[in-house]
Amino acid sequence: MKFTVFVTSLFLVGSEAFAPSAGIARSSTALNAENGVTTRIGFLQQSAAAVAAFTLIPAQANAAKYGGFGAGSPEVIDPKDAIVDEDILKSDSVQNGIAAVRGYKQSVVDMKAALASDNQTDIGPKIRKDFDFSVVRTDLNAINAALDEDTQRGTDRIVRAILQDITELEVTQKQKPGVPRSETRLGNVNKKLDKLEKSFDDYLAFAN
């Protein structure tokens, strides 16, 4: 009997000790998101820390996934199951956001075409010109406004993934002056572009 009470006590203490840690991880991530991330490298470092924090939370690790969509993205629901406010969806702010995100996707397509034409093309200036973090985040959040809270928990993850994809793309495509881009590096850049294009497609699926 004493042993049972002792084990139960340990369980309760362990649970209480863990719960605040999970809360702190979520609060810290939310606070950083609200304050904004001013640099792409800073966002990448923050994202890595956030991923590490979420791996400590069993509920996140066991979140449902489905089909090919949202693979590796816990809490991202299937777009066909999303609850969308049609009136807000038709608003100018949301429609402008949708048009902007489609433009971002087209920019990715253009970069892929440029690399196909000349595999030494420097796409860095276009990345920095077309993907300003604060503007991209604002446009993505404009679409989010038309979705219910449960859906937003998943689309928020896609937003963070898109910003991380942009950061990783810029880092991957960089070349030292006078050093040609190798086939391996070119392949890595194209993979990043494919990933970013898919992320935009995944997000736009919630607005169709």
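Start with helix α9, where Leu186, Val189, Leu193, Leu196, Glu197, Ser199, Phe200, Asp202, Tyr203 and Leu204 are buried. Those buried residues pack against α5 (92–117), α7 and α8. Keep in mind that this is a predicted model. Overall, the protein has nine helices and zero strands, and buried residues make up 37% of its 208 residues.

**The overall layout**

- Reading from the N terminus, the elements go α-α-α-α-α-α-α-α-α.
- Take the contacts between residues at least 6 apart in sequence: 75% of them join residues at least 24 apart.

**Helix α9 by itself**

- Helix α9 covers residues 183–204, which is 22 residues.
- From first C-alpha to last, α9 reaches 32 Å, close to the 32 Å expected at 1.5 Å a residue.

**Helix α5 and what covers it**

- Helix α5 has 26 residues and spans 37 Å between its first and last C-alpha, close to the 38 Å expected at 1.5 Å a residue.
- Its buried residues are Val94, Gly97, Ile98, Val101, Tyr104, Ser107, Val108, Met111 and Leu115.
- The cover over the buried residues of α5 includes α4 (86–89), α6, α7, α8 and α9.

**How α5 sits against α9**

- The axes of α5 and α9 come within 10 Å and cross at roughly 160°.
- Angles over 145 degrees count as roughly antiparallel, so α5 and α9 are roughly antiparallel to each other.
- The α5 and α9 crossing is left-handed.
- On the α5 side, the contact uses Ile98, Val101, Arg102, Tyr104, Lys105, Val108, Val109, Met111, Lys112 and Leu115.
- Facing them from α9 are Leu186, Val189, Asn190, Leu193, Asp194, Leu196, Glu197, Phe200, Asp201 and Leu204.
- Sorted by class, the α5 and α9 contact has 13 nonpolar residues, one polar and six charged.

**How α8 sits against α9**

- Here the axes of α8 and α9 come within 9 Å, again crossing at roughly 160°.
- That makes α8 and α9 roughly antiparallel to each other too.
- The crossing of α8 and α9 is left-handed.
- From α8, the contact draws on Thr155, Ile158, Val159, Ile162, Asp165, Ile166, Glu168, Leu169, Thr172 and Gln173.
- From α9, it draws on Arg185, Asn188, Val189, Lys192, Leu193, Lys195, Leu196, Ser199, Phe200, Asp202 and Tyr203.
- In the contact of α8 with α9 you'll find 10 nonpolar, five polar and six charged residues.

**How α7 sits against α8**

- Helix α7 (residues 133–144) packs on helix α8 (residues 149–173) at an angle of about 160°, and their axes are 11 Å apart.
- At that angle, α7 is roughly antiparallel to α8.
- This time the crossing is right-handed.
- Phe133, Val136, Arg137, Leu140 and Asn144 are the α7 residues in the contact.
- They meet Gln152, Thr155, Asp156, Val159, Ile162, Leu163, Ile166 and Thr167 in α8.
- Seven nonpolar, four polar and two charged residues make up the contact of α7 with α8.

**Two buried residues to look up**

- Val101 belongs to helix α5, and it counts as buried because its relative accessibility is 0%, where the cut-off for buried is under 20%.
- Set aside the neighbours within four places in sequence, and Val101 is in contact with Leu140, Ile143, Phe200 and Leu204.
- Val101 and Leu140 are 39 residues apart along the chain, yet their C-alpha atoms are separated by 7.1 Å.
- Ile127 is found in helix α6 (residues 124–130).
- Ile127 also counts as buried, since its relative accessibility is 0%.
- Tyr104 is 23 residues away from Ile127 in sequence, and the two are 9.9 Å apart in space, C-alpha to C-alpha.

Notes
Residues are numbered from 1 along each chain as its sequence is written. This is a predicted model: local features need pLDDT of at least 70, side-chain atom pairs count only at pLDDT 80 or more; totals for chains, interfaces and linings use all residues. Side-chain values use heavy atoms; hydrogens and water are left out. Axes are lines fitted to C-alpha atoms, for helices over the stretch in contact, and angles run from 0 to 180 degrees between N-to-C directions. Helices (H or I, at least four residues) and strands (E, at least two) are DSSP runs, numbered from the N terminus. Angles under 35 degrees count as roughly parallel, over 145 as roughly antiparallel, 65 to 115 as roughly perpendicular and the rest as oblique. A crossing is left-handed if the near helix is turned anticlockwise from the far one by less than a right angle, and right-handed if clockwise. Contact means heavy atoms within 4.5 Å. Ala, Val, Leu, Ile, Met, Phe, Trp, Tyr, Cys and Pro count as nonpolar, Asp, Glu, Lys and Arg as charged, and the others, Gly among them, as polar. The expected span of a helix is 1.5 Å times one less than its number of residues. Buried means under 20% relative accessible area, exposed over 50%, partly exposed in between (1.4 Å probe, protein chains only).
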